[in-house]
Amino acid sequence: MASKASRHRTIALKRIPEMRPFLDEVVSRVEVPAYIDKDPVLFLHAYDGLIDKQLAGFFAAIMAWGRRDIVIAKVGELMERMGHKPAAFIGSYSEADREALAGFKHRTFTEEDVHHLIFNLRQVLDDFGNFEAFWKSVRQQALEQKRELIATFHERFMAYHTGPQRTRKHIASSEKGSSCKRLYLYLRWTVRQNSVVDTGIYSFMPASELMIPLDVHVARHARRLGLLGRKQNDWQAVTELTRKLRLLDPEDPAKYDYALFGLGIEDIEVPKEFVINKRIS
């Protein structure tokens with residue numbers, strides 16, 4: 001068992017509902033149409049075709065690593081290399097098309113990684129027709145096996161993989177301790193309904209099952225508010241924080257991603273009674 005010194009102080013569970021009016025107000029300030037153009041979610045809004053949205057959004061999510069403006073630029077470059085027709089490009093992809101990816105790089109993503117991930121996606125489309133049908137099958141298996149969704153997704157998606165081991169690291173698994181931030185970000189974009197930012201194009205799972213996409217900014221402010229005691233940004237931290245956010249809204253806990261992220265990008269003063277840990281690095 002972890003010692004008290006290994007964790008930050010946390011707010012009493014009975015006090016968490018008191019935070020809802022404040023956090024809901026932050027959500028209302030951050031989750032607005034103007035948010036779209038500054039965030040990689042814009043790639044789900046940029047296309048009319050459903051499968052184009054599914055696939056462009058997937059690459060935008062798994063490449064969402066680092067400054068948002070740089071991510072947008074690199075995903076934009078990748079979509080341009082696909083002729084801004086990701087469904088057609090991926091659906092008919094072959095070795096002959098690899099030239100379009102020549103020299104592509106974003107952080108640890110290389111041309112080779114994108115090449116093999118596209119092959120995986122092409123096979124998913126061949127077998128299921130569209131990406132949501134694959135996710136629906138994954139969720140059904142996860143429920144039957146009582147496994148976590150993203151762990152099952154990793155296993156099923158990478159079963160198509162015949163490329164190098166290095167490419168596998170781009171598809172996270174909760175069973176390996178990852179926070180799975182980028183894949184739950186993708187699901188937030190696609191599953192949440194009635195949002196001006198998130199598209200709600202998927203109906204295979206309810207928003208109540210979403211886990212928080214835990215990045216360093218969200219984690220920092222969650223610890224400041226005493227919603228997260230764990231110091232590591234891993235799967236245990238995700239489950240701890242999401243469990244507490246469900247006390248605020250059990251039907252839509254992931255909306256508070258906007259509140260916790262927004263505290264870092266907006267000039268918002270946190271009420272003193274909710275600041276549990278003043279010094280969080």
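Modeller: The protein chain carries 43 positive and 37 negative side chains. The centres of these two sets lie 8 Å apart. Keep in mind that this is a predicted model.

The protein chain has 12 helices and 2 strands. In sequence order the pattern runs α-α-α-α-α-β-β-α-α-α-α-α-α-α. The radius of gyration is 19 Å, close to the 19 Å that the globule rule gives for 281 residues, so the protein chain is as compact as a globular protein of that length. Its C-alpha trace spans about 60 × 40 × 30 Å along the principal axes. Of the 281 residues, 54% count as buried.

Cys 180 sits in the loop between helix 8 (149-158) and helix 9 (181-191). Its phi is positive, about 55°, although Cys 180 is not a glycine. Most residues other than glycine have a negative phi. Is Cys 180 buried or exposed? Its relative accessible area is 2%, so Cys 180 is buried, the cut-off being under 20%.

With a relative accessible area of 82%, Asn 194 is exposed.

One stop remains, in helix 7 (residues 131-145), where Gln 141 is placed. Gln 141 is buried, at 16% relative accessible area. Beyond its neighbours within four places in sequence, Gln 141 is in contact with Thr 152, Glu 155 and Arg 156.

Technical notes:
Residues numbered from 1 in each chain as written. Predicted model: local features only at pLDDT ≥ 70, side-chain atom pairs only at ≥ 80, totals over all residues. Heavy atoms only, no water. Helix = DSSP H or I, 4+ residues; strand = E, 2+ residues; numbered from the N terminus. Buried < 20%, exposed > 50% of the residue type's maximum accessible area, 1.4 Å probe, protein only. Contact = heavy atoms within 4.5 Å. Rg over C-alpha atoms; globule rule 2.2 N^0.38 Å. Lys, Arg positive; Asp, Glu negative; His and termini not counted. Charge placed at Lys NZ, Arg CZ, Asp CG, Glu CD.
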